[in-house]
Amino acid sequence: MPRTFEVFKNSAGDLRAVKRGFSWPGFFFSWIWALHGRLWLIGSALFVLYLILGLIRLALSWEGTFLVSLGSLAVQIAIGLKGNSWKSRALEDRGYLRLGTIEARNPAEAVAKVIQAGGTIPRDWKITPRAKELFGIRLPAQQLMAVTALTWNAALRFRLFIVIVVLLLGAVVSLPILIKDDGTAQGFTQILITYTLTAIASLLGLSTLWLACGTLARDIEECQIQVVAAKPIARWQIWLGKWLGIMSLNAALLALAGGSVYGLLLWRANRLPADQQQVLRSEVLVARGSVKPPDVSKEIDEETDKLLKERLAKNPGTTADLKDVRKQIREQVKAEFEVVPPGYMHLWQVELGAAKNYLRDKPLQIRIKFNSADRSPSGTFAGIWRVGMPQKTELYQSEMMSLAPDTFHELKVPPNLFDESGVLTVQFLNVNNTALLFPVDEGFEVLYPQGTFGPNFIRALGIIFCWMGLLAALGLAAASFLSFPVAAFFALGLLAMSFASGTIANAVSEGTIGGYNAEQGIHGNTPVDFIVIPAFRAILSVINLAKDFSPIDALSTGRSISWSQLGLAFAQIILLLGGIIALSGMAILTRRELATAQGTQ
């Protein structure tokens, strides 16, 4: 594929060609590439910078190390973007004159063409670059920025931006005033983080869908897009420019709303009682990593299959629904891993992994939840917790603790109770007269300090921003072939389907949409199950790509949202889902016959 090269010549007739655009050697080899290219000052500065970053990496925790690595990546990208322009400027500083820009497959071919032309570039060979290049690809920056600016102008002209700002600030300010917390850290968190951020995400999501559907569909219906399409700009550039405009609006609105929530959160936190402030800063305004016991699903399934085969061997002529029989057996096997009978002790062993390297002398928290089939007069159940392994670590035993069922509790654990391999051993003694059940999926986990609240809050906003990008792509794709009201209805319908993922998941797990017959104790079957269930399974897998991330829940419980999670959210939501929708929308808009669009006037 031909690339664009700038050709330089010095007084001795020596010719040099420098590629325009992204410098891949500079990106991969940074200061080595700079020194090899005789960029002495830049190469030396980069060497010192990478040396400092390496020393900082050694002194920080693993999350700090990730931040430094992210900074190093940003430096490498900057080198790639500016590297070739640095080389061009260095050649000019050494007395080389710029002859012009031509197309060639590599620098040697570019130089050979100029030599063949007698040391000059003929006028018909010269290229005037009209677009910037990124990673070697020409980007129509001017066209994209023009469409982006038009999208901003439309939002301001119709007062949408101002209306959304007022609504967002109203949600941030009014919710904490109208809904009073109960004075506890949990109640404070529920109002200031859960309710407020949910309201912000909902308002931004609806406004994003409305603007995405309206800005493109109305332009087509009012025949305004024909004026733009007649200019030297591709239709995919119009589509992408509008998406960038909507996302820049969302970035400004989300930054304003998020900054307001963060400031209000810190200000209102000082009004809580001193003991609740301590709970807030240790359990909520933190970024904690979590680790759970090893997954036992495989063991449960293996034991279930073994018992099912034994039952079928004893009753070969059974007419019972094998799916329901297996489900019942699985629940029984699962209970063996969950139930703690009266007077018995349950043991969990959790591997902290690489986190053990920086958790010495730091307290941990155990987050538990249990259920009970019976009720106690006091509404609570007692138990004793023991942490540590005899002859390997120090031991800790709690006093008799009375806890309520069906809710989460966090217990503090003294530091340094895990062994040298990073395994934390926890035991629970059930002193009640009834059995207690700790669910394998959410009944037990260990929380440990991993970072601070500020960066965690920013990463949560980043995931919400990714959701807005997906909604913007969905609205624009719908408007590419539908009128404004139909596009909005279509997009909202798909959004409502995503909220019904629980119903879809239930149908997939049962293998039918026929429901459960309580009288007969069996699941109903319908003739369309063989079509609907695979379709539901595919829809659910797509929905989960975006719904697997819960930034608001993570913030309200003090969970860490790592940079890798944010990167995965960007990859799944923006690049994968948003990319597929965007390509579809661009293709539809490119093939659509705009001349048949009817104006509203």
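Which residues in α11 meet which residues in α12? The legends below describe close-up views of a predicted model, and the opening view takes up this question.

**View A. Helix α11 meets helix α12.** In this view, α11 covers residues 297-314 and α12 covers residues 322-338. From α11, the residues in contact are Ser297, Glu299, Ile300, Asp301, Glu303, Thr304, Asp305, Leu307, Leu308, Arg311 and Leu312. From α12, they are Leu322, Val325, Arg326, Ile329, Arg330, Val333, Lys334 and Phe337. By type, the residues of this contact divide into 9 nonpolar, 2 polar and 8 charged.

**View B. The axes of α11 and α12 cross.** The two helix axes come within 9 Å and cross at roughly 130°. Because of this angle, α11 is oblique to α12. The crossing of α11 past α12 is right-handed.

**View C. An open sheet is formed by 4 strands.** The strands follow the order β6-β16-β9-β13, and their pairing is antiparallel. At the edges stand β6 (286-291) and β13 (409-413); each has a single partner strand, so one side of each is left without a neighbour in the sheet. From one strand to the next, the twist averages 35°. As background, the strands of a sheet pair through backbone hydrogen bonds, either parallel or antiparallel.

**View D. Strand β9 pairs with strand β16.** Here β9 spans residues 364-368 and β16 spans residues 444-452. The two strands run in the antiparallel sense and pair over 4 bridges. Ile368 has Phe444 in β16 as its bridge partner.

**View E. Helix α10 packs on the sheet.** This helix, residues 274-283, touches β6 and β13. The direction of α10 makes about 60° with that of β6.

**View F. Helix α13 lies across β6 and β16.** Relative to β16, α13 runs at about 105°. The helix comprises residues 453-479, and Phe465 has its place there.

View G. Phe465 is part of α13. Is Phe465 buried, exposed or partly exposed? Its relative accessibility is 28%, so Phe465 counts as partly exposed. Leaving aside neighbours within four places in sequence, Phe465 is in contact with Met247, Asn250, Ala251 and Leu254. Leu204 is also shown: Phe465 and Leu204 are 261 residues apart in sequence, and their C-alpha atoms are 9.4 Å apart in space.

Terms used
Residues are numbered from 1 along each chain as its sequence is written. This is a predicted model: local features need pLDDT of at least 70, side-chain atom pairs count only at pLDDT 80 or more; totals for chains, interfaces and linings use all residues. Side-chain values use heavy atoms; hydrogens and water are left out. Axes are lines fitted to C-alpha atoms, for helices over the stretch in contact, and angles run from 0 to 180 degrees between N-to-C directions. Angles under 35 degrees count as roughly parallel, over 145 as roughly antiparallel, 65 to 115 as roughly perpendicular and the rest as oblique. A crossing is left-handed if the near helix is turned anticlockwise from the far one by less than a right angle, and right-handed if clockwise. Contact means heavy atoms within 4.5 Å. Ala, Val, Leu, Ile, Met, Phe, Trp, Tyr, Cys and Pro count as nonpolar, Asp, Glu, Lys and Arg as charged, and the others, Gly among them, as polar. Buried means under 20% relative accessible area, exposed over 50%, partly exposed in between (1.4 Å probe, protein chains only). Two strands pair if DSSP finds at least two bridges between them.
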